[in-house]
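Please have the sequence and the 3D view open as you read.

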Amino acid sequence: MGSFGYRAWLQPAKTQLGFLPKLTGHRCFAFEEFAYGLESLFGKKPGDDGDYAISLEIDKGLPWEAYTLRGDLAGLRIAGGSEKGLLYGAYGLLARLCLGEPVETLNILEKPTVAHRVLNHWDNADGTIERGYAGKSIFFQGGRIGYDLPRLKDYARLLASIGINEISVNNVNVYPDSAKLITEEGLPDLAKVAEVFRPFGIRLIISVHFDSPVILGGLPTADPADPAVAKYWADAAKRVYQYIPDLAGFLMKADSEFRSGPAALGRTQDEGANIIARALAPFGGRIYWRCFIYNCKQDWRDTTTDRPKAAYNEFFPLDGKFDDNVILQVKHGPSDFQVREPNSPLLGAMTQTHQGLEFQITQEYTGQQKDLYATAVQWEEIFDTPVTDACMTRDLAGREVTAIVAVANTGTDANWTGHLLAQANLYAFGRMAWNPAQTAEQLTRDWVALTFGTDPAVKEPISAMLLESRWVYEKYNAPLGLGWMVNINHHYGPSPEGYEYMKWGTYHRATHTAIGVDRTTHGTEFTAQYHQYVRDLYESKKTCPEKLLLFFHRLPYTYKLKNGQTLLQYIYDTHFEGVEDVQRFITIWDSLQDKIPPEAHTSVQERLQLQLANAQEWRDVINNYFYRLTGIPDEKGRKVYG
């Protein structure tokens with residue numbers, strides 16, 4: 001594949017390396033991968049004529065996925081706790097070589113904080129991808145498994161190089177054709193996919209349909225209390241593990257958005273999850289059980305039901321009732337991957353239950369890989385959010401949070417992600433899942449250097465654009481944690497009341513005098529779901545972070561923010577500023593024309609022009625909406641239509 005961006009952060013080094021290596025040590029897949037990587041850096045295969053020795057060894061004293069890099073003037077040793085750890089060490093050293101770091105003084109130990117670092121692909125058997133913005137499916141075509149083998153192997157390499165160790169290949173919204181993946185019809189082809197990913201240390205997960213006992217097994221019910229249903233899942237698990245003995249497990253979306261589930265049959269979520277968990281347990285498998293459950297048939301006139309409360313209300317009372325191989329997969333926020341929302345109150349609350357923290361790499365509500373948006377900046381904020389007065393979300397990683405999961409943003413586009421710079425989001429997810437203490441700034445700078453080279457004249461402006469991009473997008477999107485002012489269904493572009501009178505429970509309740517939902521203990525009582533310390537922060541307008549004000553409080557447009565602006569003037573100003581910022585991004589990018597490959601420059605330039613048009617539409621539609629609603633003009637006299 002010759003297209004720039006195909007090799008992503010595994011591009012050949014842009015810096016001059018001062019030595020030629022020779023390889024020794026443990027011969028395994030990691031050894032071959034390291035040799036392959038070195039060849040791409042040096043333009044020739046490493047051999048015995050090298051002037052710097054690099055050895056690869058297994059060290060049983062290290063944790064399974066850990067590695068060490070220890071160097072001196074005579075040579076360097078990569079040691080791994082297993083061949084998998086050795087593979088991560090090989091990729092870790094290759095990255096440091098590309099970044100120009102001196103290897104002679106390396107003395108580091110790396111080990112993952114979180115055991116399960118997971119990508120969820122929302123791919124359908126017909127080759128389409130739900131919320132996919134980078135082409136067709138890598139895994140499916142024509143109603144069944146179908147793939148380009150070299151590309152699939154290259155994808156596995158990209159994921160392994162950032163520490164991903166589990167992936168689901170089919171959509172959580174399981175349709176009958178992909179439900180068959182756990183049958184004799186689908187398993188032979190799926191097993192071949194597993195063979196591609198296995199050497200890279202990546203295990204498959206299968207999204208399964210709750211009604212599989214009915215639609216595949218011919219039973220009259222999927223009731224988890226029915227012994228025949230338990231037998232169906234046990235037989236299905238046995239069959240699946242005969243084909244894929246290292247399968248990580250199943251993924252389930254139940255009782256959500258018209259999907260069937262245990263609640264529809266009068267059962268609890270733990271009953272639904274445990275019956276499948278017990279079928280998987282003899283094989284070492286897990287069930288990832290999504291907590292995205294809410295009333296999706298809400299009457300907009302009902303002001304008592306508050307959608308963000310749903311997951312906590314459903315799952316918190318069941319803490320301690322789930323089997324040990326159940327991981328509850330919790331979206332990071334209580335809404336649905338909005339530009340700004342608080343962390344889910346479930347995180348840190350269920351101390352007797354394994355949880356997976358779910359992010360969305362694919363930019364469903366954040367510009368759909370047309371607009372520039374660095375998700376790492378948002379994730380760092382999420383990890384830095386207090387859970388109690390003495391605990392951040394980051395502190396849960398490896399304890400209650402035993403998995404970090406994200407919805408993938410990749411497809412068959414030549415550069416994998418549609419927007420070339422959106423590769424930074426996939427890279428950052430893998431690295432943050434490995435170690436949530438890593439900063440967005442460091443990860444962004446590393447990705448830029450690995451992709452475009454270490455020249456400061458290139459690295460600094462691109463890094464600055466990415467690091468600012470989340471705030472720029474937020475400026476012309478819904479303000480102050482409001483959310484949901486998007487076009488219904490496809491979720492791109494502004495529609496201030498697109499969801500306001502719908503069944504989905506996503507309301508801002510704007511009138512001509514005020515906007516927002518009171519979620520304090522004086523309103524819907526959503527804040528009561530948090531630990532007392534966090535509850536107190538959100539409960540008061542004075543201590544609530546201003547960027548979340550309209551998520552937690554209902555306020556008049558004349559409300560004064562800390563900088564003296566009225567709420568409405570803040571909305572006007574930020575929407576104008578957002579457009580100006582995108583124009584500035586275009587100017588910066590144009591200045592790099594002679595410093596990066598033409599194909600890459602043109603690709604991003606086209607996306608930035610799309611973003612400018614989108615930002616202008618957001619500015620005009622949102623500002624016009626509030627002007628017509630309130631009759632209050634922009635105090636700076638700018639055009640807001642009307």
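Which residue just after H17 takes a positive phi? Gly631 does, with a phi of about 75°. Before going further, please note that this is a predicted model, in which local features need pLDDT of at least 70 and side-chain atom pairs count only at pLDDT 80 or more, while totals for chains, interfaces and linings use all residues. Residues are numbered from 1 along each chain as its sequence is written, and side-chain values use heavy atoms, with hydrogens and water left out.

**Helix H17 and its partner**

- Helices (H or I, at least four residues) and strands (E, at least two) are DSSP runs, numbered from the N terminus.
- Helix H17 covers residues 598–630, 33 residues in total, and reaches 48 Å from its first C-alpha to its last. That is close to the 48 Å expected at 1.5 Å a residue, where the expected span is 1.5 Å times one less than the number of residues.
- Helix H13 (residues 456–476) packs with H17 at an angle of about 30°, and their axes are 10 Å apart. Axes here are lines fitted to C-alpha atoms, for helices over the stretch in contact, and angles run from 0 to 180 degrees between N-to-C directions.
- On the H13 side, Met465, Tyr473 and Tyr476 make the contact; on the H17 side, Leu608, Gln611, Asn614, Ala615 and Trp618 do. Contact means heavy atoms within 4.5 Å.

**Strand E3 and its neighbours**

- Four of the five residues of strand E3 (residues 67–71) are buried, so the strand is mostly covered. Buried means under 20% relative accessible area, exposed over 50%, and partly exposed in between (1.4 Å probe, protein chains only).
- E3 pairs with strand E4 (residues 75–80) in the antiparallel sense over five bridges; two strands pair if DSSP finds at least two bridges between them.
- A hairpin of three residues links E3 to E4, and Tyr67 stands opposite Gly80 in E4.
- Strand E5 (residues 107–110) also pairs with E3 in the antiparallel sense, over four bridges. Leu69 has Ile108 as its bridge partner in E5.

**Nonpolar cores**

- A nonpolar core is a set of buried Ala, Val, Leu, Ile, Met, Phe, Trp, Tyr and Cys residues joined through side-chain atoms within 4.5 Å.
- The largest one has 195 residues, and Leu119, Phe197, Phe250, Trp289 and Phe452 touch the most other members. Helix H16 (residues 567–590) gives the most to this core, with eleven residues.
- Apart from this core lies another of eleven residues, including Val172 and Ala248.
- Leaving aside neighbours within four places in sequence, Phe250 is in contact with residues including Ile182, Trp233, Arg286 and Tyr288.

**Loop residues worth a look**

- Most residues other than glycine have a negative phi.
- Arg131, in the loop between strands E6 (116–120) and E7 (140–141), has a positive phi near 55°. Its relative accessibility of 22% makes Arg131 partly exposed.
- Asp255, in the loop between strand E11 (249–252) and helix H8 (269–280), also has a positive phi, of about 55°. At 13% relative accessibility, Asp255 counts as buried.
- Thr366 is in the loop between strand E14 (354–360) and helix H10 (375–383), and at 7% relative accessibility Thr366 counts as buried. Beyond its neighbours within four places in sequence, Thr366 is in contact with Val339, Asp371, Tyr373 and Tyr473.
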